[in-house]
Amino acid sequence: MTSTVIANIFDCMFAKSAAFCAGKDAQATKQSLQLNQWPVVGCYMKSGMDRLIGNLESKGVTDGNVLGAVRKVPREQFVEHPFRVRDLCYGDSPLPIGHNQTISSIYTVALMTQALGVCKDHKVLEVGTGSGYQAAVLSQLCASVFTIERIRDLSLKARSVMESLNAYRHNVTFIIGDGTIGFSEYAPYDRIIITACSPDIPAPLVNQLGEGGIMVLPVERGGSQNICVVEKKNGTVNVKDIAPANFVKLI
Ligand code: SAH
């Protein structure tokens, strides 16, 4: 794919992820899953986190694995300094991440992740790395995440955040490029998530979704956005809307 540039510094990780995808290195996969531990969010964050989890449950996010991943990933590390205060980080609203982009609210991340129905052996493609928070949440739940970002600075920063946490996930591969054309090298994907609003359901991504696969994305129709769940089964594609949305648009 000529329009997709993988930064050289990611080559090493890329090779490891490729091995996971091909199922060539079961030992390495097992080890990486054992390493799947984020630093515990500081105690000062705890009551806010409990409130947040209660709030997510009351809004219909009840999947224990998803809630567990939300608990583990320290959202404050993925936002800019001025927003690193408890009420903002765990207050469940979108926040700016620079370049006119935003990190989605935790509810939106949790809802979309739940709708994806990710299993631990899944290979997941994300379009719109942004801060890296959604990729970090997904990385807790599946075998490998390929995350594509159009803005180079954001992709590099997201990777650096994961490294700084000493929790750089051996199952996350960062790609810089146009995610609407997917990343055919590692297709098919079990799950695909798009975290910026699309005017339609991108055909290349439907093609790269495996049989029985699920894609979750915000789509704008008639001036309003909805989170859609796309299921590919027996060669047919079913689409249903699950919630209204308010995302930045794909660029
Ligand atoms: N998932 C992110 C939030 C995404 S905001 C998080 O957890 O923080 C949407 C992101 O999609 C932005 O970073 C934007 O630059 C990126 N984006 C927009 N259009 C894109 C495209 N065509 N391909 C890849 N990334 C794109």
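The model is predicted, and local features need pLDDT of at least 70, side-chain atom pairs count only at pLDDT 80 or more, while totals for chains, interfaces and linings use all residues. Residues are numbered from 1 along each chain as its sequence is written, and side-chain values use heavy atoms, with hydrogens and water left out.

Begin by selecting helix α4, residues 64–72; helices (H or I, at least four residues) and strands (E, at least two) are DSSP runs, numbered from the N terminus. Colour Val-66, Leu-67, Ala-69 and Val-70, which are buried; buried means under 20% relative accessible area, exposed over 50% and partly exposed in between, with a 1.4 Å probe and protein chains only. Looking down the axis of α4, you will find its buried residues within an arc of 160°, so they line one face of the helix; the arc is that of the directions from the helix axis to the C-beta atoms. Gly-64 and Asn-65, both exposed, are on the face turned away from the buried side.

Phe-78 is in the loop between α4 and α5 and Tyr-133 in helix α7, 55 residues apart. Phe-78 is buried at 5% relative accessible area, and Tyr-133 is buried at 1%.

Move on to Phe-146 and Tyr-186, a stacked pair at 4.9 Å centre to centre and 20° between the planes. Phe-146 lies in strand β4 and Tyr-186 in the loop between β5 and β6, so the pair ties together parts 40 residues apart in sequence.

Select Asp-50 and Arg-71, which meet at 2.9 Å, N to O, and which link helix α3 with helix α4. Then select Lys-157 and Glu-80, which meet at 2.5 Å, N to O; Lys-157 is in helix α8 and Glu-80 in the loop between α4 and α5, 77 residues apart.

Key
Phe/Tyr/Trp six-rings, centres within 6.5 Å; stacked < 30°, edge-to-face > 60°. Salt bridge = Lys/Arg side-chain N within 4 Å of Asp/Glu carboxyl O.
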